[in-house]
Amino acid sequence: ANAGDKKKKKKKTQQTEEKEKKGPKMVKIPARTFTMGGDAYSGAPKTKDFSLQNYYIDETPVTNKDFRAFVKDTKYKTEAENFGWSFVLNS
């Protein structure tokens with residue numbers, strides 16, 4: 001490869017690394033009050049009003065691959081792993 005191709009590849013690699021450092025794009029969910037629960041026929045608890053402040057959430061879901069990389073990089077342990085059991089954890 002020539003010098004121009006190497007520069008382009010290096011620049012693209014740097015841009016990718018910078019994007020990855022920033023993390024996923026997040027969107028703001030505005031504050032609001034909502035009602036949660038059910039009626040007598042749904043089996044859900046009675047309705048109740050909840051108020052949430054503004055918060056941010058990833059624009060796209062976290063994939064298993066993303067989570068695996070996070071766990072590897074941070075040595076993260078789930079509560080189930082820390083407690084040694086879970087309804088869904090097979091040890």
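Among contacts in the protein between residues at least 6 apart in sequence, what share joins residues at least 24 apart? The share is 37%, where a contact means heavy atoms within 4.5 Å.

Before going further, a word on the model. This is a predicted model, in which local features need pLDDT of at least 70 and side-chain atom pairs count only at pLDDT 80 or more, while totals for chains, interfaces and linings use all residues. Residues are numbered from 1 along each chain as its sequence is written, and side-chain values use heavy atoms, with hydrogens and water left out.

**Overall layout**

The protein has three helices and four strands, arranged along the sequence as α-β-β-β-β-α-α. Helices (H or I, at least four residues) and strands (E, at least two) are DSSP runs, numbered from the N terminus. Of the 91 residues in the protein, 2% are buried; buried means under 20% relative accessible area, exposed means over 50%, and partly exposed lies in between (1.4 Å probe, protein chains only). The accessible surface comes to about 9,100 Å², and carbon and sulfur atoms account for 55% of that area. Accessible areas come from the Shrake-Rupley method with a 1.4 Å probe, and for residues only the protein chains shown count as cover.

**The aromatic cluster and its patch**

Let's turn to helix α2. This helix covers residues 64-74 and includes F70. F67 also lies in α2, three residues from F70, about one turn of the helix. A search of the whole structure finds four aromatic pairs; rings of Phe, Tyr and Trp (its six-membered ring) pair if their centres lie within 6.5 Å, and planes under 30 degrees apart count as stacked, over 60 as edge-to-face and the rest as tilted. Among them are these two:

| Pair | Centre to centre | Angle between planes | Type |
|---|---|---|---|
| F67 and F70 | 5.9 Å | 35° | tilted |
| F67 and Y76 | 6.1 Å | 75° | edge-to-face |

Together, F67, F70 and Y76 form one aromatic cluster. F67 is partly exposed at 38% relative accessibility, F70 is partly exposed at 36%, and Y76 is partly exposed at 37%.

What is the phi of K75? K75 has a positive phi of about 60°, although it is not a glycine. Most residues other than glycine have a negative phi. K75 sits in the loop between α2 and α3, the latter being residues 79-83. With 65% relative accessibility, K75 is exposed.

**The salt bridge**

How many salt bridges does the rule give? The count is one, taking a salt bridge as a side-chain nitrogen of Lys or Arg within 4 Å of a carboxyl oxygen of Asp or Glu. The partners are E59 and K25, whose closest N and O atoms are 3.8 Å apart. E59 lies in the loop between β4 (55-58) and α2, and K25 in the loop between α1 (3-22) and β1 (26-29), so the pair ties together parts that are 34 residues apart in sequence. E59 is partly exposed, with a relative accessible area of 45%, whereas K25 is exposed at 54%.
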